[in-house]
Amino acid sequence: MSDVWVNGVPQELIPASDRGLAYGDGLFETIRVASGKTTLDEYHWHRLQDSCQRLGITLNLSQLLDEVAAFLPACAADCAVMKVIVTRGSGGRGYNPQGCDAPRRILSLHPLAKRDPDPAFVGARVRMCQLRLARSALPGVKHLNRLEQVLARNEWQGDHYHEGLLCDDHGHLIEGTMSNLFVVTHSGELITPDLSFCGVRGVCRDFIIDLARCRGLAVREELVSPLLDVAEVFLCNSVNGVWPVVECADKVWPIGPVTTLIRDCVLEKLHG
């Protein structure tokens, strides 16, 4: 069986008229698969459905979930990464989406990256990116227009850095190129950047916010300065889990108790 399905059928080709290709007119989710099952799926499907509504894409979520349920066993998925792309479908030349009422659903399966040593346990070295995120009309949405992240990630090569941090045009920290950011204050409070104007609202970020509140930890969304006088720093996404940040420029942080607690809870969730 092919590891790529389009609209529920094993195939790897899409028409050149697809609006996701022409205009980035669509959305995607990157989901960790453990023991053949999707993880954090309630968060992924909620975000996908909400984002489709914001873009005016008429996704039949039940149909997509049925396709996912058939796709994973057909591909003998165990521990892997599944990418779900939903585009508005095919349309004529021009921006007007009127008449494009048949969204295209693309499922693909990919190996889970192995990192030795694992930054989740030894910590991640990160750098500040020069690129600045512009104010977006679609803050929080994981749409297909990811050129800012592509350009930011192209600022460094090699494996000295695990991730790059992005600021907005006012100099506030927003996120990593592929991750969301949390800091832990010296009083033990969790703070994550406010994404009201740009950035991707990651599902692991949402899970951690819910987890922290259930554990009685104070958590806030607010502007974050790059001059980080904080006790702990960590990054998260739905594939890698939590990466404690131990080094950025001339700053260093320990892998502290709050980060360790959250890392272990997220790992348990991602291992199914």
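1. A crossing of two helices is left-handed if the near helix is turned anticlockwise from the far one by less than a right angle, and right-handed if clockwise; by that rule, the crossing of α2 and α6 is right-handed. Helices here are DSSP runs (H or I, at least four residues), numbered from the N terminus.

2. This is a predicted model, in which local features need pLDDT of at least 70 and side-chain atom pairs count only at pLDDT 80 or more, while totals for chains, interfaces and linings use all residues. Residues are numbered from 1 along each chain as its sequence is written, and side-chain values use heavy atoms, with hydrogens and water left out.

3. The axes of α2 (residues 41–55) and α6 (residues 203–214) come within 9 Å and cross at roughly 120 degrees, the axes being lines fitted to C-alpha atoms over the stretch in contact, with angles from 0 to 180 degrees between N-to-C directions. The contact (heavy atoms within 4.5 Å) is made by Tyr-43, His-44 and Arg-47 of α2 together with Val-203, Asp-206, Phe-207 and Asp-210 of α6.

4. Within α6, the buried residues are Val-203, Cys-204, Arg-205, Phe-207, Ile-208, Ile-209, Leu-211 and Ala-212, where buried means under 20% relative accessible area with a 1.4 Å probe, protein chains only. Just after α6, Gly-216 takes a positive phi of about 80 degrees.

5. Pro-119 lies in helix α4 (residues 119–122) and, at 0% relative accessibility, counts as buried. Setting aside neighbours within four places in sequence, Pro-119 is in contact with Ala-124, His-162, Trp-243 and Pro-244.

Methods: Helices (H or I, at least four residues) and strands (E, at least two) are DSSP runs, numbered from the N terminus. Buried means under 20% relative accessible area, exposed over 50%, partly exposed in between (1.4 Å probe, protein chains only).
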